[in-house]
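Please consult the sequence and the model shown here.

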Amino acid sequence: MTTPDERVLARNDRYLREFVEALHLCPYAKRCREEGKLQRRVIRRREDALAAIREIEAMPADAVEVALPTFPEEPADGEESARAFQAFCAELREQMFASHPGQAPFYCVAFHPDLPRDLLDANRAVRFIRRSPDPTLQLVRASILVRVRGDGGGGSRYVDTSLLSLEQAMALLSPASLAERIGEANLATLQREGPDRLELLLSSLRGWRGSGPPRDH
C-alpha cells in the first residue's frame with residue numbers, strides 16, 4: 001500500500017515522464033533525473049518550505065542540479081489559487097536571494113495545476129507547460145546557467161541547447177533570440193500535439209489529490 005507522499009511523487013513522476021520528457025519540452029530533464037541529480041520533497045505546510053530549501057542548498061553541488069519541492073495541501077481550485085502560489089514562490093525567492101548576497105544557489109519558479117492555458121504566444125505558453133499535478137517549486141542550480149553559457153568572455157559563444165531546460169533558457173542573460181527559439185519550439189510542439197489532448201493528459205496526471213489512490217484515465 002502506497003503512502004500519501006508516495007502518491008504525490010508518483011503524480012510528479014508521471015508528469016515529468018509522460019508530458020515534459022515525452023514531448024521533449026525540457027531536454028535537460030531526463031538526463032538530470034537519470035543521473036540522480038533531481039531531488040524531490042513533499043512539503044505539507046508552507047512554514048516548512050524555507051527549511052526544506054535550506055536543506056537542498058546545503059547539499060553538495062554535484063548531488064543536486066534541480067529540485068522539486070511539492071505542496072499537495074496547497075489549494076488548486078482555479079487561477080486565483082495559482083496566482084497565490086506564484087506570490088508565495090516570489091516571497092521565497094526574495095528570502096533565498098537575501099540570504100545569499102551576490103548570487104543565490106538556485107533560481108526558483110512556480111508550477112501549478114491551475115495555471116492558464118494561453119497559447120497566444122511563446123511566453124504565455126510557458127504557463128501551460130508548468131501545469132504540474134500539484135503545486136510545485138522548481139529550483140534550478142544557478143551554476144548550471146553559468147556553465148551552459150560558456151566562459152563569459154567576449155565575442156560569440158556557442159550554447160549547447162541540449163543542456164538547457166526551458167526554465168534555464170528563459171533565465172539566462174543570453175540574447176533574446178535563444179530564449180525565443182526555445183519558446184517558439186515548445187509552442188510549436190504544443191500546437192502540433194493538440195492543446196485539447198494535452199489538457200486531457202495533464203488533467204489525468206493531476207489525478208486524485210487526497211488520501212485515496214490516483215485516478216488513471
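In helix H4, the residues Ser81, Ala82, Phe85, Phe88, Cys89, Leu92 and Met96 are buried (under 20% relative accessible area; exposed means over 50% and partly exposed in between, with a 1.4 Å probe and protein chains only). They lie on the same side of H4, because they cover an arc of only 120° around the axis, taken from the directions from the helix axis to the C-beta atoms. The model is predicted: local features need pLDDT of at least 70 and side-chain atom pairs count only at pLDDT 80 or more, while totals for chains, interfaces and linings use all residues. Residues are numbered from 1 along each chain as its sequence is written, and side-chain values use heavy atoms, leaving out hydrogens and water.

**Helix H4**
- H4 spans residues 79-99, 21 residues in total, and reaches 30 Å from its first C-alpha to its last.
- This is close to the expected 30 Å, which is 1.5 Å times one less than the number of residues.
- Helices (H or I, at least four residues) and strands (E, at least two) are DSSP runs, numbered from the N terminus.
- Glu80, Glu94 and Ala98, on the other side of H4, are exposed.

**Packing**
- The buried residues of H4 pack against helix H3 (49-57), strand S3 (106-111) and strand S4 (136-141), where contact means heavy atoms within 4.5 Å.

**Cysteines**
- The count of disulfides (pairs of cysteine sulfur atoms within 2.5 Å) is zero.
- The sulfur of cysteine 89 has that of cysteine 108 as its nearest cysteine sulfur, 3.6 Å away, which is too far for a bond.
- Cysteine 89 is buried at 1% relative accessibility, and cysteine 108 is buried at 0% relative accessible area.
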